[in-house]
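Here is a short note on charged pairs, written to be read beside the structure. Please keep the view open while going through the points.

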Amino acid sequence: MFRAPCSVGIDIGYRSIKAVVLHAKKSQYELFAYAEVVLPTPIMDAQNIVDSDKLLLEIRKLRKLLPSSAKKVTLALSDSAVISKILPINPNLNDDDIEFELRQALSSSSPFPIEELQIDYCPMVKDKTEATLGTEQYQVVASRKVTIECRTLPLQSAGFIPKVVELKTHALLWVVQNATRQRLQQDLWGIVDVGMRQMEFCVNPSGGRAYHREISFGLQSSRYVQEQEGSDIHIFSPSEQQVSDFTRQLSEQLKRQLLTYQSSHANDVLSGLWLAGGGHQLIDEVLLSELLGVTISWVRPFEPLSTGKRLDDLSLADSFSQYALATGLALRGLDDDQ
């Protein structure tokens, strides 16, 4: 029998590249493989542009760690690298005219020339207001071609097939959805992805669009995480006081985000927050829960997945939260194949 097609989620981060390989097995998703390549130096700048030559070198290393059948890839872009708008247009247009009208509407508000952008769009569910106005609303997303191509072209050169470029927010919320389903809980949880330079705060409130904020606070904000230009990052084993200090810093950042979120989503109160990414050494989730007044838990993206024989030795003691984004991207790729 043939094995179901693999879906690869690849998370290109500031200091490492992580990959998760999944495939659909009957009614379950199976974890087929996972791998990480630590970058000797950062390959991404503040504008989300990746050094293609350096990326290709590292992706070739990653390729050797994954099954040969793992080719179809889903990637992520930060929300700040993507223009997202809802645009109304005349509903009585053919496909070519729809794209032309959307490009024209987007060009008037885009900070970049329209010819530099790659766009995607889909119609939204009609409501009574649209019917009255005789328009149809489209969700339009766009990003600079250079931002996408500096990621996809090296992957193609390494033998991968980039299929989908997804927002980080959506990928992280896929993980929340899977974790929530595993716990059979009805409470609303958000997710905070703790990165080296920034954090992603994401919630999927009922009946609304995904809520997202990028926070300019990360592990580098701690004086216990040191980095010199052109050298590795050194994370020292912190003392209890150092962990407490950083956790309190983190709580102040998240308190502001929770207040902002709750001010606009009074009926969608958060019961908890999943933590993803790094920072296990510096974050005390029990203290953070006390400071924020919500349940805090490190997300376990592999927990809802079945595993093959080759991964029977998977340590249950490790949350593998650093693979959350890559897992969400792989889940997105499976959904695209169905």
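**Salt bridges in the model**

1. Lysine 61 and glutamate 58 both belong to helix H1 (residues 52-64), where they sit three residues apart, or about one helical turn. The model is a predicted one. The side chains of lysine 61 and glutamate 58 form a salt bridge, with 3.3 Å from N to O. Glutamate 58 is buried because its relative accessibility of 7% is under 20%. Lysine 61, at 45%, is partly exposed.

2. How many salt bridges does the structure hold? There are five.

3. Is arginine 332 buried or exposed? Arginine 332 counts as buried, at 18% relative accessibility. Glutamate 166 is buried too, with a relative accessible area of 11%.

4. Helix H6 (residues 240-264) contains both lysine 255 and glutamate 252, which are three residues apart, about one turn of the helix. In their salt bridge, the closest N and O atoms are 3.5 Å apart. Lysine 255 is partly exposed, with a relative accessible area of 31%. Glutamate 252 is also partly exposed, at 39%.

Note on methods: Residues numbered from 1 in each chain as written. Predicted model: local features only at pLDDT ≥ 70, side-chain atom pairs only at ≥ 80, totals over all residues. Heavy atoms only, no water. Salt bridge = Lys/Arg side-chain N within 4 Å of Asp/Glu carboxyl O. Helix = DSSP H or I, 4+ residues; strand = E, 2+ residues; numbered from the N terminus. Buried < 20%, exposed > 50% of the residue type's maximum accessible area, 1.4 Å probe, protein only.
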